[in-house]
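Hi,

Here is the structure I promised to send over. Could you open it and keep it on screen while you read the rest of this email?

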Amino acid sequence: MKTSSVAELLQSDLLLQEVHLNGWVKTFRSNRFIALNDGSTIHNIQCVVEFEKIDQESLKRITTGASVSITGTLVESQGRGQSLEIQVSSLEILGDSNPEEYPIQPKKHSFEFLRENAHLRIRTNTFGAVMRVRSALSFAVHKYFQEHGFTYVNTPIITGSDAEGAGEMFRVSTFEPNKAPIDEKGEIDFTQDFFGKETNLTVSGQLEAETFAMALGKVYTFGPTFRAENSNTTRHLAEFWMIEPEVAFMDLDGNMDLSEDFITSVLGYVLKNCKDDLAFLNQRLIQEEKGKPQAQRSEMSLLEKLHFVVDNNFKRVSYTEAIDILRNSKPNKKKKFKFPIHEWGVDLQSEHERFLVEKHFKCPVILFDYPASIKAFYMRLNDDGKTVRAMDVLFPGIGEIVGGSQREERLDVLKDKIKNIGIDEEELWWYLDLRKYGTAVHSGFGLGFERLVQFTTGMANIRDVIPFPRTPQNATF
Ligand code: ATP
Ligand code: MN
């Protein structure tokens with residue numbers, strides 16, 4: 001007999017037919033009702049066991065977490081809370097689960113506890129929902145780009161360029177830590193290392209993606225990224241996935257349009273295709289918010305927030321305007337910001353970004369034209385000589401979700417900037433070549449995939465939206 005998934009059965013027309021399914025026992029009550037889940041949907045299917053049809057030995061082994069194989073008839077449910085159920089005709093225990101030891105009991109567990117059991121937390125309703133939404137989002141990302149004429153590029157994970165400049169890097173080496181060869185200057189001799197030079201894990205695929213954009217026009221990367229930043233926040237991971245589109249002949253305005261259209265499209269996709277999981281996550285958040293003091297509760301539910309982003313335009317504001325708003329804001333005047341805003345030129349902290357988004361504009365915000373001094377060397381210098389064509393997309397609850405820019409396409413200007421920050425031109429010869437041969441206006445951005453999943457699922461901590469989080473002092477599993 002064909003094996004069906006719970007998702008298939010719950011919306012099937014197999015009423016009164018014999019069906020077969022496998023799954024894990026969520027709960028077993030009254031020695032009669034199994035709530036069975038197989039991960040295909042947030043919903044369990046109720047399987048009703050008749051005493052006579054099953055031996056006492058097997059009955060005892062139906063415990064939370066056990067895997068079972070069930071054959072039975074799909075019928076309309078007698079009980080409340082579900083429309084269909086299965087009258088079990090035969091049941092086989094595939095794998096026992098000792099109820100005294102199984103960590104995932106049918107009760108509320110803290111996210112900290114579940115992180116320590118990341119290999120089992122996927123079996124909870126919340127993590128099942130989050131991971132299915134993550135998968136759908138990931139599909140929606142590829143769908144969007146493929147349907148808009150972008151070519152998918154896999155940029156290298158091991159990089160030999162130390163000019164990416166986006167963060168602290170993890171070294172890649174085959175040297176034994178205490179037996180690395182030393183050169184005449186007393187320094188480690190990397191010419192003898194595997195690649196004959198210093199290499200690291202990538203912090204961004206952008207520079208390589210630019211080479212592809214300057215040949216294929218519209219490209220995107222979607223791959224793992226590594227940053228050895230020792231920041232224990234709810235928004236940073238040491239290993240995360242980044243989406244980086246890069247487009248030739250597109251300026252910063254086009255870049256802002258693209259980021260907005262892209263984000264609203266993928267959110268629209270999950271709103272349409274992950275209804276059950278989002279409804280569950282919405283309820284979960286409402287319950288969680290009830291435990292918070294009134295002032296800290298969010299004004300919108302998760303679903304309202306998602307619809308709000310999809311239905312409204314992002315507000316576009318220059319860095320200079322934003323500084324004015326912040327300088328004159330209540331929290332600034334009342335000295336409520338940890339980092340008070342005095343003058344133009346400072347980098348914005350998460351508290352400022354969240355004030356602009358959550359309190360002032362009450363919608364996603366795109367900030368653009370940042371001071372050159374706080375942004376990367378490859379961003380295009382404006383005619384004022386002090387700002388660059390950078391943009392950050394800021395989201396409620398998260399702060400920065402996208403960082404992007406129009407790239408400097410003028411060889412002389414780029415060379416100057418490289419010199420000023422003290423990078424050796426030789427290091428970037430291939431990057432400079434793009435400006436020598438058929439240079440063109442081009443732009444792109446980086447979007448941290450986990451921050452998108454965080455926003456979509458309403459999970460407060462980024463560690464709870466990636467299967468096995470890597471953070472300082474933590475790489476179990
Ligand atoms: P932040 O200021 O939040 O640390 P950033 O300025 O370092 O971000 P970029 O270098 O512009 O970020 O990277 C592009 C995007 O990658 C960010 O907008 C964010 O969505 C994501 N991102 C950056 N660092 C991390 C991290 N450590 N973990 C998860 N996502 C990240
Ligand atoms: Mn950072």
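This is a predicted model: local features need pLDDT of at least 70, side-chain atom pairs count only at pLDDT 80 or more; totals for chains, interfaces and linings use all residues.

**The chain as a whole**

The chain has 477 residues, and buried ones make up 50% of them. If you like counting secondary structure, there are 14 helices and 16 strands. Taken along the principal axes, the C-alpha atoms fill a box of roughly 85 × 60 × 45 Å.

**Around ligand 1**

- E400: 2.8 Å between an N or O atom of its side chain and an oxygen atom of ligand 1.
- R227: 3.0 Å, again from a side-chain N or O atom to an oxygen atom of the ligand.
- R235: 3.5 Å for the corresponding pair.

How much of ligand 1 does the protein cover? On its own the ligand has 580 Å² of accessible area, and the protein covers 82% of that.

**The cavity**

The structure holds 1 cavity of 30 Å³ or more. About 30 Å³ of space lies in the largest cavity. Its lining is made of V49, E50, K53, I54, V88, S89, S90 and L91. By class, that lining has 4 nonpolar, 2 polar and 2 charged residues.

**Two buried arginines**

R134 is in helix 4 (residues 125–147). Its relative accessible area is 11%, which is under the 20% cut-off, so R134 counts as buried. What does the side chain of R134 reach? It gets to the backbone oxygen of V465, at 2.9 Å.

R389 is in strand 14 (residues 387–395). This arginine is buried because its relative accessible area, 17%, is also under 20%. Here the partner is a side chain: a polar contact of 3.2 Å joins R389 and D369.

In general, most residues other than glycine have a negative phi. That is the background for the next pair.

L16 has a phi near 70°, a positive value in a residue other than glycine. You'll find L16 in the loop between helix 1 (6–10) and strand 1 (18–29). Is L16 buried or exposed? With 66% relative accessibility, L16 is over the 50% cut-off and therefore counts as exposed.

S30 is not a glycine either, yet its phi is positive at about 55°. S30 lies in the loop between strand 1 and strand 2 (33–37). A relative accessible area of 54% is over 50%, so S30 is exposed too.

**Sequence distance and distance in space**

Finally, two pairs to click on. L114 and D464 are 350 residues apart along the chain, but their C-alpha atoms are separated by 9.1 Å. L114 lies in helix 3 (residues 111–116). That residue is buried, because its relative accessible area of 4% is under 20%.

Then take F468 and K417: 51 residues apart in sequence, and 39 Å apart in space, C-alpha to C-alpha. F468 is found in the segment after helix 14 (449–457). At 31% relative accessibility, F468 falls between the 20% and 50% cut-offs, so it counts as partly exposed.

Cheers

Definitions and conventions:
Residues are numbered from 1 along each chain as its sequence is written. Chains are lettered from A and ligands numbered from 1 in the order in which they are written. Side-chain values use heavy atoms; hydrogens and water are left out. A polar contact is a pair of N or O atoms within 3.5 Å; within protein, one must be able to donate a hydrogen and the other to accept it, and residues adjacent in sequence count only if both atoms are side-chain atoms. Accessible areas come from the Shrake-Rupley method with a 1.4 Å probe; for residues, only the protein chains shown count as cover. On a 1 Å grid over the protein atoms alone, a cavity is a set of points where a 1.4 Å probe fits but cannot get out, and a pocket is an open set with protein on both sides within 12 Å along at least five of seven lines; lining residues have an atom within 4 Å of a point. Grid points are joined across faces, edges and corners, and a volume is the space filled by probe spheres set on the points. Ala, Val, Leu, Ile, Met, Phe, Trp, Tyr, Cys and Pro count as nonpolar, Asp, Glu, Lys and Arg as charged, and the others, Gly among them, as polar. Helices (H or I, at least four residues) and strands (E, at least two) are DSSP runs, numbered from the N terminus. Buried means under 20% relative accessible area, exposed over 50%, partly exposed in between (1.4 Å probe, protein chains only).
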